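Student: Hey, I've just opened this one up. Can you walk me through a few spots?

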Amino acid sequence: MVKTNLPVLIIKDVVLLPASEIRLEFNKIEDKKLFSLAEAYYNNHILVVNPTDLLEEDPDISELPKIGVIGYIKLKMDMPNGRTRVIIEGINRTEVFNYNKEEELFEAVIGNVKSDELDTKEELAYIRSLIKQLEVYVNEVPYISNNVLTKVAGISNIAKVTDIVALYLPVDLKRKIAYINEVNPINRVKMLLDDINNELEIIKLEKKIETEVAHQIEESQKQFVLREKIRVIKEELGEVNDKDSELDKLTEKVKTLKAPLKIKKRLQQELNRYETTASSSPELAIIRNYIDWLLNLPWSNYSKDNNNLNKIKNILDNSHNGLDTVKIRILEYIAVKQKTANLKSPIICLVGPPGVGKTSLAKSIAASLNRKWAKISVGGINDEAEIVGHRRSYIGASPGKIIQGMKKVGIINPVFIIDEIDKMTKDIKGDPASSLLEVLDPEQNKYFVDHYIEEEFDLSKVMFITTANYINQIAPELRDRLEVIELSSYTEIEKKDIAQKHSIKKIIKEHGLSNNQVVFTDNAIMSIIRNYTKEAGVRELERLIASIIRKIVKEIIESKNNNKYKIDEKDIIKYLGQYKYNHFNNEVNNYIGIVNAMAYTPFGGEIFPIETIKYNGKGNINLTGSLGDVIKESINIALSYIKNNSDLFNIDIEFFAQDLHIHMPEGATPKDGPSAGIAITTALISLFTKKTVKTNISMTGEITLQGRVLQIGGLKEKLIAAHRSGIKKVYVPKANEKDLEEIDNFIKKTLKIKLVSNYIEIYNDLFKDK
């Protein structure tokens, strides 16, 4: 059987049958990407499917059917209003072997549907029987076009005939989906004959009813009579009313539901409303949808935690290297939980640069605890209704992301990941950060109320893990509720270990090779890290390793051999090209007025020079290098400190009448913060005293007008950058002495770290002897 891949379009409100067309409009970016992908790589072909659960907004792979329809995009038109209009023609049914999901797009592996060979005479007999009954149906039913008879005339393929007839029958969406899922055309003929006969019976009964009640119809009674028609029809057919049958099922579900008494009472009230609401009322669907949400929420479903501390630790260690602070916190929680049943779940905020494993660590925590996990991303959200839901009075209202996530996991004690919590925005629509205050407060979230559900839902058993890149961008009142754990940048050694223990094995497996077929030496990995990446995490490192593996796979396919590859440092340039970055400080000459500062960026730490010159003028200061307000203030503080202590520093006061130019290279990169204060001061003193500072020296620290050196952040990243750049000596605020415990010993051994509390200590060390 030939198998192939096609992108998948999931539709809910309409069905595409073979030998038919549908016209649709889309405005989602994911859907537009899908059509562009089909146009570029799949000759305008896609797979069209209807999910098993039509109410689910974001269906899982397990909820997608095994039978779909191959569609051909006949027309794709981008409208002026930003929507895309398409016409899709159904080709034929196909069997789906499996689905894959990547970047919100589904792809399916498909093949021909297995069907039995039919005898020509038997096939013709079924076709004639169906067309004969169809002719009777068309003659009896006034609102069915006889165009269907024209379309099936002369067609001898039973599969095609059944699909054309199914298109014209007035059956509901679920029945049409059943037509698609039935791959045997003989069975489809039987289904169609049943539906046609049922419709003929209903038509006969309608005529009988109209004759019996025609004299009673008045304008004010039309609505009642229509309902009576439906009731009589169902009684004549021996069928219970759909709504009555559904009501019985819902009542039974409410009885067996494990939920608080208050919720059961609310459900009973809604069932009473559902029973008394007319079937034609638009309110009916709203009530039913609300009942479904209350029935499907996990009011009391628990999962049993893994309480084996050693097993938890092993799972976390195998998935992530280092990150001991988070692992210890999880082990403490489980240990204490075994001693008391009233322990509240922790609300953790993992803060760190991109790519250090915040989200993946949260998922590993869920796996280690044997809990399901739900994930939402709140980056860019500016509407609080996304968090706490819309009120039911709005058309298309739905619960917020919190309740949706709880429904999806189906338990009351999952690990709930809230990603990018520092990137929420506030505007006229509301403040989503404020709506999270109740969710992330252990004292309040037991009584969380979603605007749509309108009843209290217990979130106190949920372990919330939030992630952020910048702690200072989180609202203070929200930050106060979070247990912040900072994940700093990985060192080169940590990146190497992650690559050897995790990344390389995973990537080799993904590319269809064996672990011993490609081996990377430590020097090769270090070369990639130092010369091709500039990041705090390992995402770019993994992409580069994958690039090398792809080239190796191509070589193996082209040469048709299975040689083993040992990738050494000299092979890296062959596969990745010339070096992209040079982190090492190659400057050997010392210059007056130039001093190395240390910065903390989203990519980790950086070493950059501060350059100063003076020339005749009127005492003006020229600042360049995309400097922010805080760093400009640090320059003014440094100058004031130097002027006030000019005698101590042996600086001629007349120098201050000259113009100064202070520049920080890489002018396109914005720079701000107070931590360059002592480096600016040192550069200016070097300029005024004409004494050089060695290029293998760097420093970080905020300075005050009295020369005190204050604490700074990001020390680990800055010292990693200093080590990587070949710096030998660094000056660090004494207030940061406690942070040195987090620094790896091999970094502390390669750097001479001098702790200072006042700038005069730096001056005495660098300038006084000169």
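Tutor: Helices (H or I, at least four residues) and strands (E, at least two) are DSSP runs, numbered from the N terminus. This is a predicted model, where local features need pLDDT of at least 70, side-chain atom pairs count only at pLDDT 80 or more, and totals for chains, interfaces and linings use all residues. Residues are numbered from 1 along each chain as its sequence is written, and side-chain values use heavy atoms, leaving out hydrogens and water.

Student: OK, at what angle do helix 2 and helix 4 cross?

Tutor: Roughly 20 degrees, with the axes of helix 2 (residues 120-140) and helix 4 (residues 158-168) coming within 10 Å. So helix 2 is roughly parallel to helix 4 (angles under 35 degrees count as roughly parallel, over 145 as roughly antiparallel, 65 to 115 as roughly perpendicular and the rest as oblique).

Student: Which residues make the contact?

Tutor: From helix 2, Glu123, Tyr126, Ile127, Leu130 and Leu134; from helix 4, Ile158, Val161, Thr162 and Val165. Contact means heavy atoms within 4.5 Å.

Student: Switching topic: in what order do the 7 strands of the open sheet come?

Tutor: They go 18-19-17-16-20-23-24, with mixed pairing. Two strands pair if DSSP finds at least two bridges between them.

Student: And which strands stand at the edges?

Tutor: Strand 18 (621-624) and strand 24 (752-756) do; each has a single partner strand, so one side of each lacks a neighbour in the sheet.

Student: How do strand 20 and strand 23 run?

Tutor: Parallel: 3 bridges join strand 20 (residues 697-699) to strand 23 (residues 729-733). Met699 sits opposite Tyr731 in strand 23. Helix 24 (residues 715-724) packs on the sheet, touching strand 16 (594-601), strand 17 (604-615), strand 23 and strand 24.

Student: Now Ser686. Is Ser686 buried or exposed?

Tutor: Buried, because its relative accessibility is 0% (buried means under 20% relative accessible area, exposed over 50%, partly exposed in between, with a 1.4 Å probe and protein chains only). Ser686 is part of helix 23 (residues 677-689).

Student: What does Ser686 touch?

Tutor: Not counting residues up to four places away in sequence, Ser686 touches several, including Tyr591, Gly593 and Phe767. A polar atom of the Ser686 side chain lies 2.8 Å from the backbone nitrogen of Gly593.

Student: Last one: what follows helix 15?

Tutor: Gly410, whose phi is positive, near 75 degrees. Within helix 15 (residues 401-409), the buried residues include Ile402, Met406 and Val409.

Notes:
A polar contact is a pair of N or O atoms within 3.5 Å; within protein, one must be able to donate a hydrogen and the other to accept it, and residues adjacent in sequence count only if both atoms are side-chain atoms. Axes are lines fitted to C-alpha atoms, for helices over the stretch in contact, and angles run from 0 to 180 degrees between N-to-C directions.
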